[in-house]
2 protein chains.
Amino acid sequence: MRYFLELQYNGTGFHGWQIQPNGITVQQELTDRVSMLLKAPTSIVGCGRTDTGVHAREYFAHFDAGQLPDGAAIFLFKLNNMLHPNIAVRAIHLMADNAHARFSARWRSYEYVIIRRKDPFHQGLSWRCMYSVDIDRMNEAAQLLLGERDFACFCRSHASNNTNICTITEARWEEDGDLLRFHITANRFLRNMVRAIVGTLVDIGRGRSDGTAMQRILDSGDRSEAGTSAPAQGLYLSRVQYPEAIFHQCLARADGQSEPL
Amino acid sequence: MRYFLELQYNGTGFHGWQIQPNGITVQQELTDRVSMLLKAPTSIVGCGRTDTGVHAREYFAHFDAGQLPDGAAIFLFKLNNMLHPNIAVRAIHLMADNAHARFSARWRSYEYVIIRRKDPFHQGLSWRCMYSVDIDRMNEAAQLLLGERDFACFCRSHASNNTNICTITEARWEEDGDLLRFHITANRFLRNMVRAIVGTLVDIGRGRSDGTAMQRILDSGDRSEAGTSAPAQGLYLSRVQYPEAIFHQCLARADGQSEPL
């Protein structure tokens with residue numbers, strides 16, 4: 001049977017999602033703990049890679065197993081107690097056999113959080129960025145990202161993608177007290193894309209680039225035209241959307257309720 | 001001239017406020033950095049001690065100096081950049097000569113935060129407490145704390161106080177989604193008092209102690225009658241109130257505004 005784990009993680013202290021020969025990763029942690037609980041080596045497939053220090057407010061990963069020992073609620077409770085404190089399993093779902101955490105995902109959303117003061121309770125959870133920025137200019141430039149196009153200009157060079165075409169359906173900044181939040185949704189993202197977009201938009205907001213910069217960068221298709229990447233610690237994978245039909249049953253939720261997604 | 005620093009700190013990784021022969025403390029950090037900036041050994045006097053791992057959302061400390069080099073705004077900016085990331089200076093105030101961070105304080109408020117799920121973004125900032133509790137019972141028992149009385153029953157034994165009499169003006173629980181917040185205000189607090197009260201109230205909320213427990217504990221005057229102390233990481237010093245007249249001028253604020261308190 002195929003199961004989805006619905007996760008959250010704080011990327012601080014992890015070398016990203018994907019298993020690495022050296023360094024602790026979220027995938028490694030989950031693989032070790034799930035295998036231990038199931039008493040069988042178990043592969044965990046994630047919905048995507050996140051880089052070192054990047055967080056996930058919502059993340060899905062799948063694995064295959066028979067009946068869960070002692071039932072899903074106990075499995076979930078034990079798994080949360082065994083896992084690193086920076087990883088929480090929110091729910092476990094029984095899926096359609098062909099559901100795939102990565103390939104079934106239709107839309108992914110990221111949030112980027114900038115904080116404009118020193119906040120001792122927000123260490124590693126945002127980019128402390130004291131520049132004064134014009135949020136209206138940043139939103140105007142962000143609008144140019146919407147639609148389907150080639151985003152090579154925001155892709156880490158040397159990445160070997162078949163295509164750099166993505167469809168962006170949301171790209172907007174929101175002011176929330178001392179926080180600035182950037183929301184972006186697309187069918188797919190290229191490596192380093194959100195951080196490169198955020199860095200570029202902040203340059204525009206600061207007036208380091210003029211209002212025509214975004215269109216010029218997009219037209220250039222050249223990563224060297226865009227701004228420096230914003231730091232990892234401000235970035236959150238915030239939502240992953242799948243076709244509803246692949247979710248057969250929510251077996252257990254960490255908050256004690258067992259409700260469908 | 002006497003100055004007040006208005007601070008916030010995340011207690012994670014500090015051995016509390018007060019300077020210790022071994023271990024990093026908030027007072028030590030401030031003393032070192034302020035002395036460096038003023039190019040003179042400078043004593044920092046805090047509004048109270050906090051234990052290892054306890055946080056402060058609002059904290060005041062005083063020191064004496066002449067004119068601040070380069071002015072208060074530059075001093076504040078440099079100090080924040082030099083200080084440990086878990087300490088933020090929010091403002092600097094010019095005070096009446098006799099203003100004293102500890103002895104001038106009239107009321108102190110603490111908040112205790114309980115979280116009822118695993119939250120990877122709240123590490124060290126709350127007590128993860130999965131017991132199901134009856135918040136109405138906890139609030140009923142908390143009401144018995146109000147007023148002026150001897151609180152020896154909630155004071156760490158071997159503490160050498162002249163008196164254990166405190167006046168509590170606020171003691172209430174509030175439910176906020178997956179969080180439970182306890183708010184308590186008094187003219188003074190004894191060592192370990194809030195954590196002992198929270199531990200006792202949670203025992204009552206869980207039904208480990210009955211509804212008459214709080215009155216019995218208060219009447220006993222005996223620390224061994226009360227519950228186990230709740231863990232340090234859920235506790236925040238949240239407000240310190242002084243007579244308005246001792247504040248002469250707010251010289252600089254970290255958010256760039258210079259406004260009176």
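**Contacts between domains and between chains**

Q: How do you know that domain 1 of chain A is in contact with domain 2 of chain A?
A: In this predicted model, 15 residues of domain 1 of chain A touch 17 residues of domain 2 of chain A, with contact taken as heavy atoms within 4.5 Å.

Q: What makes up domain 1 and domain 2 of chain A?
A: The domain assignment gives 2-103 + 242-253 for domain 1 of chain A and 107-238 for domain 2 of chain A. Their centres, taken over C-alpha atoms, are 28 Å apart.

Q: How much area do domain 1 and domain 2 of chain A bury between them?
A: About 1200 Å² is buried between the two domains of chain A, 44% of it on carbon and sulfur atoms. On the side of domain 1 of chain A, the residues losing the most area to domain 2 of chain A are A:D51, A:H55 and A:R57, which together account for 49% of what that side buries.

Q: Why is the pair A:R191 and A:D51 called a salt bridge?
A: The closest N and O atoms of A:R191 and A:D51 are 3.0 Å apart; the cut-off is within 4 Å, so the pair qualifies. The count between domain 1 and domain 2 of chain A is three salt bridges. Ten residue pairs are in polar contact across this interface, both residues at pLDDT 80 or more. The side of domain 1 of chain A that touches domain 2 of chain A has five nonpolar, five polar and five charged residues.

Q: How do you know that the copies meet through the same surface?
A: Of the interface residues of chain A, 100% are also interface residues in chain B, so the surface is the same.

Notes: Residues are numbered from 1 along each chain as its sequence is written. Chains are lettered from A and ligands numbered from 1 in the order in which they are written. This is a predicted model: local features need pLDDT of at least 70, side-chain atom pairs count only at pLDDT 80 or more; totals for chains, interfaces and linings use all residues. Side-chain values use heavy atoms; hydrogens and water are left out. Domain bounds come from an automatic or database domain assignment. Buried area is the accessible area (1.4 Å probe) that two parts lose on being put together, summed over both. A salt bridge is a side-chain nitrogen of Lys or Arg within 4 Å of a carboxyl oxygen of Asp or Glu. A polar contact is a pair of N or O atoms within 3.5 Å; within protein, one must be able to donate a hydrogen and the other to accept it, and residues adjacent in sequence count only if both atoms are side-chain atoms. Ala, Val, Leu, Ile, Met, Phe, Trp, Tyr, Cys and Pro count as nonpolar, Asp, Glu, Lys and Arg as charged, and the others, Gly among them, as polar.
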